[in-house]
Amino acid sequence: MPHLTMEYSGNIENEVDMQGLCVDVHRAILSSGLFETGAPRVRAFRADAWAIADLDRENSFIDMSFRIGAGRSAEERKRVGDMIFATARDGVRHLLARPYFALSLEIREIDPRLSWKENTMHARLRNTGAPAA
């Protein structure tokens with residue numbers, strides 16, 4: 001149940017391949033070995049309105065929120081967070097070279113008593129021999 005959402009300022013839409021960044025981050029999540037193939041969801045949402053820092057029109061951001069189910073150690077959460085952040089940082093290196101960009105990531109552990117889900121992809125992927133990473 002790892003869900004990563006990226007919210008980004010609309011002024012970088014033509015400067016970042018958000019679909020490619022989603023795929024790269026998805027691969028990083030799976031390469032951690034902590035999640036099954038059918039589990040990760042990575043999504044990006046454009047913010048059409050924002051106000052950042054000194055309100056300079058060039059200011060921009062990508063804010064990532066990674067929600068995961070309970071049961072992983074702090075070291076495992078830190079390791080996958082480092083992998084995600086490094087992957088995202090590589091994808092926006094050109095924006096980080098300018099003094100107008102903010103990249104952030106927060107990991108949130110979900111209380112299993114307050115989380116409901118149904119996923120038909122797990123059964124399909126487990127039966128096809130796909131890696132259970």
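Ser-9 is found in strand β1. Strands here are DSSP runs of E with at least two residues, helices are runs of H or I with at least four, and both are numbered from the N terminus. The model is predicted: local features need pLDDT of at least 70, side-chain atom pairs count only at pLDDT 80 or more, and totals for chains, interfaces and linings use all residues. Residues are numbered from 1 along each chain as its sequence is written, and side-chain values use heavy atoms, with hydrogens and water left out.

Is Ser-9 buried or exposed? Ser-9 is buried, with a relative accessible area of 0%. Buried means under 20% relative accessible area, exposed means over 50%, and partly exposed lies in between (1.4 Å probe, protein chains only). Ser-9 touches Ala-47, Trp-50, Asn-59, Ser-60 and Phe-61, leaving aside residues up to four places away in sequence. Contact means heavy atoms within 4.5 Å. The side chain of Ser-9 also makes a polar contact of 2.7 Å with the side chain of Asn-11. A polar contact is a pair of N or O atoms within 3.5 Å; within protein, one must be able to donate a hydrogen and the other to accept it, and residues adjacent in sequence count only if both atoms are side-chain atoms.

Now turn to helix α1. This helix covers residues 18–31 and has 14 residues. From first C-alpha to last, α1 reaches 20 Å, close to the 20 Å expected. The expected span is 1.5 Å times one less than the number of residues. Among the buried residues of α1 are Leu-21, Val-25 and Ile-29. An α-helix has 3.6 residues a turn, so residues three or four places apart point the same way. What covers the buried residues of α1 includes β1, β2, β3 and α2. Just after α1, Gly-33 takes a positive phi of about 75 degrees.

Next comes the core. A nonpolar core is a set of buried Ala, Val, Leu, Ile, Met, Phe, Trp, Tyr and Cys residues joined through side-chain atoms within 4.5 Å. The largest one has 25 residues, and Leu-4, Met-6 and Ile-62 touch the most other members. Two or more residues each come from β1, α1, β3, α2 and β4. The largest share, 5 residues, comes from α1. Contacts of Leu-4 include Val-25, Ile-29 and Leu-105.

Last, the rings. Rings of Phe, Tyr and Trp (its six-membered ring) pair if their centres lie within 6.5 Å; planes under 30 degrees apart count as stacked, over 60 as edge-to-face and the rest as tilted. The count comes to 1 aromatic pair. Phe-35 and Phe-66 form this edge-to-face pair, at 6.0 Å centre to centre and 80 degrees between the planes. Phe-35 lies in the loop between α1 and β2, and Phe-66 in strand β3, 31 residues apart. Both Phe-35 and Phe-66 are buried.
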